[in-house]
Amino acid sequence: MPATPTFPHIRQQIAGVAVADIVADVGTPVYVYDAAKIVERIEDLAAFDVVRFAQKACSNLAVLDLCRRHGTLVDAVSGWEIRRALAAGYPDHGQPPPIVYTADIFDRESLDLVIQHQLHVNCGSPDMIDQLGDHLSGGEISLRVNPGFGHGHSQKTNTGGAQSKHGIWYEELSDCIERAAARGMAVTGLHMHIGSGTDLQHLSRVCDAMEQMARHVGSTLVSISAGGGLPVPYKEGEAYVDLDAYFQLWDATRKRLESGLEHGLRLEIEPGRYLTAESGYLISEIRAIKRMGGNLFYLLDAGFNDLARPILYGAYHPMSLAPADGSQDRPMQAVVVGGPLCESGDIFTQEEGGFVSSRTLPKAEVGDYLVIGGAGAYGAVMASNYNSKPLAPEVLITHGATHVIRRRQTFEELIAAERILPE
Ligand code: LLP
């Protein structure tokens, strides 16, 4: 792995396939994933006993199937994520559990599915222990603990501390172990996820908290999970995390805990972004170029209905131009990049708080394609139908071949569940 990735200004190809060919096949906007990059990222984490894909990052069935075939297990945070995992071929039974339901509530459907398939549950609220206990006699559960601190790339992705709704407050751990025992359930797993897109320094603090909590649980414990949160570089100059150092910290924690036990402890990691972010691109067409006072705007046919991260978090995504005339070189200029939606916040170059910023990109013509990188995690999965825009298609590239893994939504599908009242 290089120390830092490079993001080209001009990009005519994705994983060996011409952007123009993809567009000719499926049009724009379109999400494209490079399967080899996902596999590479899975392999980066091979030192961990279990890589459990947080499918919320990119849950297309073909992506789940790819992850499954490369040995990852899967996390589900909703009833329908359970159904996706099953539809992608994950078995409901096995050791370690192939599918784990991790959430802070059971809605009625997820509880039914968990019971029906007897899935392992990682409980994020004390009520979940009771609700599960009402339906099961005995069994094993994990507890997701909020260690009292957290950190994310944005305050909205910080999942620890007293302002977060996630997990069981660390001071209530003993109480929850007793609650479970009263229902005949053993706590066999502990899990901590302090936030998404955090950094090594914050992630490392989790090891100490985990060690303390694990000692409370004692001999029933068979697995500890480091959660997700591994960052990826989105900007020129940003570096990859030192995965070896991260693994060593967790492995040392695991070994210290094992020394007080008569059995081994499984070490899990639960990445979402790390596995898929860099594999994904959103290709759009530039449909208008206009000046507003001192700002030059490129307006795309993709908006925050397709990729919501900039408007939600002020997230930065790398951008490249694929000139329609095939040119490999264009002069650079500062531009603001926006989408088609009837809402002024529909800007891809913005900072947290909604402040519009500019980006230095190659000079473009209407009809050129803009390729937004780092879009494989929390891209397609967070898309909406705002302004009655259809959900974009998704394409997976494997060994230089393109496969449409989701076709563009049709107008008929968009309105299928609606009806006009009779007069
Ligand atoms: N495990 C749990 C329990 C989680 O809540 C999450 C993310 C993950 C794992 C995976 O985190 P990752 O490795 O991807 O950082 N929409 C936001 C991210 C929200 C993440 C929610 N939970 C974004 O676009 O940055």
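Which residue has a backbone N or O atom 2.8 Å from an oxygen atom of the ligand? The points below take this up, along with the domains.

1. **Model and domains.** This is a predicted model. The domain assignment divides the protein chain into domain 1 (46-270) and domain 2 (277-414). Their centres, taken over C-alpha atoms, are 33 Å apart. Domain 1 brings 18 residues to the contact, and domain 2 brings 19.

2. **Interface area.** The size of an interface is often given as the accessible area lost when the parts come together. Here the two domains bury about 1,600 Å² between them. Carbon and sulfur atoms account for 57% of that. On the domain 1 side, Ala57, Asn60 and Tyr234 lose the most area to domain 2. Together they make up 37% of what that side buries.

3. Polar contacts do link the domains, with seven residue pairs counted. The side of domain 1 that touches domain 2 has eight nonpolar, seven polar and three charged residues.

4. **Ligand shell.** The ligand is surrounded by 20 residues. His153, Ser196, Glu270, Arg309 and Tyr378 are the closest. By class, the shell holds five nonpolar, 10 polar and five charged residues. Domain 1 and domain 2 each supply at least three residues to the shell.

5. The opening question has its answer in Gly229, whose backbone N or O atom lies 2.8 Å from a ligand oxygen. A side-chain N or O atom of Lys56 is 3.1 Å from an oxygen atom of the ligand. For Glu270, a side-chain N or O atom is 2.6 Å from a ligand nitrogen. On its own the ligand has 580 Å² of accessible area, and the protein covers 92% of it.

Definitions and conventions:
Residues are numbered from 1 along each chain as its sequence is written. This is a predicted model: local features need pLDDT of at least 70, side-chain atom pairs count only at pLDDT 80 or more; totals for chains, interfaces and linings use all residues. Side-chain values use heavy atoms; hydrogens and water are left out. Domain bounds come from an automatic or database domain assignment. Contact means heavy atoms within 4.5 Å. Buried area is the accessible area (1.4 Å probe) that two parts lose on being put together, summed over both. A polar contact is a pair of N or O atoms within 3.5 Å; within protein, one must be able to donate a hydrogen and the other to accept it, and residues adjacent in sequence count only if both atoms are side-chain atoms. Ala, Val, Leu, Ile, Met, Phe, Trp, Tyr, Cys and Pro count as nonpolar, Asp, Glu, Lys and Arg as charged, and the others, Gly among them, as polar. A residue is near a molecule or strand if one of its heavy atoms lies within 4 Å of it. Accessible areas come from the Shrake-Rupley method with a 1.4 Å probe; for residues, only the protein chains shown count as cover.
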